[in-house]
Amino acid sequence: MPSELLPSYKKANLQMVAYRRIQTAVSSLLAKFHLNTTQWIMLGLMSEAKNGLRVTDMARALQVEMPLITTTAQTLISAGLMSSAMHSRDKRAKMLTLTPKGKERVSEVEIYLRNGLEKIEKDVDPRELNVYFKMLQKIASNA
């Protein structure tokens, strides 16, 4: 049944069920590393930021309030995966960077997650999966 023929409540239900199942799968995989989804996303974003990220930029990227980033960063710092320092030009800003242990963990988790998520992505054409994520990006930017 084409999407435009689905009533809005069925669209909402399908999105909700899919989200819960994906979230459950990701959370159970991340549990091996004692990470939650927010921590994993922060580590992933940090791995792409060569010079680190300001706490405010991390909050903006995750579209959450600063206290969540501060609390989550403290947990990751305590685990030795991330470090925090004053910004070199703006002493009011804190810069978050990955530690060598954090970089290693990101690589390890990425491989593990890719392999683990193959179960929920089986029977899905890789091209369709790419279209799905492109659609999510468009919907997120429109919302």
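**Strands, helices and a ring pair**

Visitor: Which residue in β3 is the bridge partner of Ser83?

Guide: Thr97 of β3 is the bridge partner of Ser83. The model is predicted: local features need pLDDT of at least 70, side-chain atom pairs count only at pLDDT 80 or more, and totals for chains, interfaces and linings use all residues. Residues are numbered from 1 along each chain as its sequence is written, and side-chain values use heavy atoms, without hydrogens and water.

Visitor: How many bridges between β2 and β3?

Guide: β2 and β3 pair over 5 bridges in the antiparallel sense. Pairing needs at least two DSSP bridges between the strands; strands (E, at least two residues) and helices (H or I, at least four) are DSSP runs numbered from the N terminus.

Visitor: What's the strand order in the sheet?

Guide: The order is β1-β3-β2, in an open sheet of 3 strands with antiparallel pairing. At the edges are β1 (53-54) and β2 (82-86), each pairing on one side only.

Visitor: And what holds for β1 and β3?

Guide: β1 pairs with β3 (residues 94-98) over 2 bridges, again in the antiparallel sense. Leu53 has Leu96 of β3 as its bridge partner, and Arg54 stands opposite Met95 in β3.

Visitor: Switching to helices. At what angle do α1 and α5 cross?

Guide: Helix α1 (residues 8-30) and helix α5 (residues 100-121) cross at roughly 140°, with their axes coming within 10 Å. Axes are lines fitted to C-alpha atoms over the stretch in contact, with angles from 0 to 180 degrees between N-to-C directions. α1 and α5 are therefore oblique to each other (under 35 degrees is roughly parallel, over 145 roughly antiparallel, 65 to 115 roughly perpendicular, the rest oblique).

Visitor: Which residues make the contact?

Guide: From α1, Ile22, Ala25, Val26, Leu29 and Leu30; from α5, Val109, Tyr112, Leu113, Gly116, Leu117 and Ile120. Contact means heavy atoms within 4.5 Å. By class, there are 10 nonpolar residues, 1 polar and no charged; Ala, Val, Leu, Ile, Met, Phe, Trp, Tyr, Cys and Pro count as nonpolar, Asp, Glu, Lys and Arg as charged, and the others, Gly among them, as polar.

Visitor: How many aromatic pairs?

Guide: The whole structure has 2. One of them is Phe33 with Tyr112: the ring centres are 5.3 Å apart and the planes at 75°, so the pair is edge-to-face. Phe33 lies in the loop between α1 and α2 (37-48) and Tyr112 in helix α5, 79 residues apart. Rings of Phe, Tyr and Trp (its six-membered ring) pair with centres within 6.5 Å; planes under 30 degrees apart are stacked, over 60 edge-to-face, the rest tilted.
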